[in-house]
Every structure is written in structure tokens, then in C-alpha cells.
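Dear colleague,

I am writing to hand over the structure discussed below. Please look through the sequence and the coordinates before reading the notes that follow.

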Amino acid sequence: MRLYNDSAESRSFEGFVIHMHLAWLYLLHAEFLRDGVDYRYWDLQRKNRLLKIDGEAKRWELEVASNSVVYGSGGHVAVNVATVTV
């Protein structure tokens with residue numbers, strides 16, 4: 001908590017923004033998982049293959065997830081995420 005509360009601490013704002021970015025990303029991914037939404041990238045050139053990074057399936061970034069069909073680009077989630085990540 002000192003990272004956020006102590007204004008003299010270097011990088012307090014940057015740490016806050018990074019943690020909020022990750023929190024929103026994990027929250028949206030958890031909701032997609034719960035709702036059965038496939039939030040992975042598929043390889044368009046090879047059918048039935050996922051795009052992978054270091055052996056793990058590539059998943060939607062925060063911007064793509066917040067602007068998804070589920071929430072809409074003008075929805076409250078997208079606006080809130082844009083405020084935190086700008």
C-alpha cells in the first residue's frame with residue numbers, strides 16, 4: 001500500500017496504473033471464461049490452431065477485451081478502462 005499512498009515514493013502513479021491494467025484484464029478474462037466466450041486468437045492460415053506465445057494461447061489484450069461484442073465499445077467498461085490506461 002505504501003506504493004500508492006506515499007506520494008514521495010518514486011513511480012507510485014506508474015505502479016498504480018500497471019496494477020489497474022492487470023486487474024481489469026484479469027477481471028474481463030475471468031468473466032469471459034465464466035460466460036463461455038472464446039477470448040483467444042486463432043491462426044487464420046491454419047485451421048483449428050491457436051496463435052501461441054511461449055507455448056501459451058494468445059489472449060485478447062485489454063483494449064480488445066473491453067471493446068468486445070459482449071460489452072460494446074461505448075459501454076461503461078470500455079470508458080472506465082480507457083480512463084485508467086490513458
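**Aromatic pairs**

A search of the whole structure finds 2 aromatic pairs. In the pair of Phe32 and Tyr39, the ring centres are 5.9 Å apart and the planes stand at 35 degrees, so the pair is tilted. Please bear in mind throughout that this is a predicted model.

Both partners lie inside the protein. Phe32 has a relative accessible area of 1% and is therefore buried. Tyr39 is buried as well, because its relative accessible area is 11%, and the cut-off for a buried residue is under 20%.

Phe32 also forms an aromatic pair with Trp60, and this one is edge-to-face, with 5.3 Å from centre to centre and 80 degrees between the planes. This pair links distant parts of the chain, since Phe32 belongs to helix α2 and Trp60 to the loop between β2 (56-57) and α3 (62-66), 28 residues apart. Phe32 and Trp60 are both buried. Through these ring pairs, Phe32, Tyr39 and Trp60 are linked into a cluster.

**The nonpolar core**

Which residues make up the largest nonpolar core? This core has 10 residues in all: Trp24, Leu25, Leu28, Phe32, Tyr39, Trp60, Leu62, Ala65, Val77 and Val81. Helices α2, α3 and α4 (76-85) each supply at least two residues of the core. The largest share, 4 residues, comes from α2.

Ala65 is one of the core residues and is found in helix α3. Its relative accessibility is 0%, so Ala65 counts as buried. Ala65 and Phe32 are 33 residues apart in sequence, and their C-alpha atoms are 9.0 Å apart in space.

**Salt bridges and a charge over a ring**

A search of the whole structure finds 3 salt bridges.

- Arg34 and Asp35 form a salt bridge in which the closest N and O atoms are 2.9 Å apart. Arg34 is exposed because its relative accessible area is 61%, whereas Asp35, at 43% relative accessibility, counts as partly exposed.
- Asp38 and Arg40 meet through their side chains in a salt bridge of 2.8 Å, N to O. Asp38 is partly exposed, with a relative accessible area of 35%, and Arg40 counts as partly exposed at 31% relative accessibility.
- Lys58 and Glu61 form a salt bridge with the closest N and O atoms 4.0 Å apart. Lys58 counts as partly exposed at 27% relative accessibility, and Glu61 counts as partly exposed at 37%.

Lys58 has a further contact to note. Where does the charged end of Lys58 sit? The charged end of Lys58 sits over the ring of Tyr41, 4.7 Å from the centre of that ring.

**A nonpolar patch on the surface**

Ile18, Leu22 and Tyr26 form a nonpolar patch on the surface, and together they have about 310 Å² of accessible area. Tyr26 is found in helix α2 (residues 12-35). Is Tyr26 buried or exposed? At 55% relative accessibility, Tyr26 counts as exposed, because the cut-off for an exposed residue is over 50%.

With kind regards

Notes: Residues are numbered from 1 along each chain as its sequence is written. This is a predicted model: local features need pLDDT of at least 70, side-chain atom pairs count only at pLDDT 80 or more; totals for chains, interfaces and linings use all residues. Side-chain values use heavy atoms; hydrogens and water are left out. Patches are made of residues with over 30% relative accessible area and no salt bridge: like charges are joined within 9 Å, nonpolar side chains (Val, Leu, Ile, Met, Phe, Trp, Tyr) within 5 Å. Accessible areas come from the Shrake-Rupley method with a 1.4 Å probe; for residues, only the protein chains shown count as cover. Buried means under 20% relative accessible area, exposed over 50%, partly exposed in between (1.4 Å probe, protein chains only). Rings of Phe, Tyr and Trp (its six-membered ring) pair if their centres lie within 6.5 Å; planes under 30 degrees apart count as stacked, over 60 as edge-to-face and the rest as tilted. A charge sits over a ring if NZ of Lys or CZ of Arg is within 6 Å of the ring centre and within 35 degrees of the ring normal. A nonpolar core is a set of buried Ala, Val, Leu, Ile, Met, Phe, Trp, Tyr and Cys residues joined through side-chain atoms within 4.5 Å.
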